[in-house]
Amino acid sequence: MTDKTAYFKGLAGEDAAAGFLGAKGMVLLHQRYHSPFGEIDLVMQDGDVLAFVEVKSRPDGRVHSGEYAVSPGKQRRIIQTARCYLAENPWTGVIRFDVVELTLDGIRHLPNAFEGREW
């Protein structure tokens, strides 16, 4: 798979995840937020909660294959990037870190998939 193909598949997965979460009442605030530490796929508002969402597309995988792909190192980079986002976009409510996985089994949303214990 070329880098360009992977990029467009990633965008399609993020769009599908944003639509899925939007149907659940969440509001997309930012897609593909970049910082020096990495990227957050989706920043969503869920009522009074700000959710930083990592999207994992696993077209050949089964349930949990996306969830397991968010390693401790990836979690650390997401948390550091979330700190950058919050420095630019102050938030006084609850913050959580979610994962959305897209697999052969469908779309699965895991709220609070990991904790940002460094907060």
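**Note on the aromatic cluster and nonpolar cores**

1. F52 touches I40, L42, V43, A82, Y85, L86, I95, R96, F97 and D98, leaving aside residues up to four places away in sequence. Contact here means heavy atoms within 4.5 Å. This is a predicted model: local features need pLDDT of at least 70, side-chain atom pairs count only at pLDDT 80 or more, and totals for chains, interfaces and linings use all residues. Numbering runs from 1 along each chain as its sequence is written, and side-chain values use heavy atoms, without hydrogens and water.

2. The largest nonpolar core has 15 residues. Among them, F52, Y85 and F97 touch the most other members. Such a core is a set of buried Ala, Val, Leu, Ile, Met, Phe, Trp, Tyr and Cys residues joined through side-chain atoms within 4.5 Å. β2, β3, α3 (72-88), β4 and β5 each supply at least two residues of this core. The largest share, 5 residues, comes from α3. Helices (H or I, at least four residues) and strands (E, at least two) are DSSP runs, numbered from the N terminus.

3. A second, separate core has 11 residues. A18, M26, V100 and L102 are included in this second core. In soluble globular proteins, nonpolar side chains tend to be buried together.

4. The count of aromatic pairs is 4. Rings of Phe, Tyr and Trp (its six-membered ring) pair if their centres lie within 6.5 Å; planes under 30 degrees apart are stacked, over 60 edge-to-face, and the rest tilted. F52 and F97 form a stacked pair, at 5.6 Å centre to centre and 25° between the planes. This pair links distant parts of the chain: F52 sits in strand β3 (residues 49-58) and F97 in strand β4 (residues 94-103), 45 residues apart.

5. F97 also pairs with F114. Their ring centres are 5.1 Å apart and their planes at 20°, so this pair is stacked too. F97 is in strand β4 and F114 in strand β5 (residues 106-114), so the pair ties together parts 17 residues apart in sequence. Ring pairs link Y33, F52, Y85, F97 and F114 into a cluster.

6. Why does F97 count as buried? Its relative accessibility is 2%, and buried means under 20% relative accessible area (exposed is over 50%, partly exposed in between; 1.4 Å probe, protein chains only). F114 counts as buried because its relative accessibility is 7%. F52 is buried as well.

7. E39 lies in strand β2 (residues 38-46). Its side chain makes a polar contact with the side chain of H34 (3.1 Å). A polar contact is a pair of N or O atoms within 3.5 Å; within protein, one must be able to donate a hydrogen and the other to accept it, and residues adjacent in sequence count only if both atoms are side-chain atoms.
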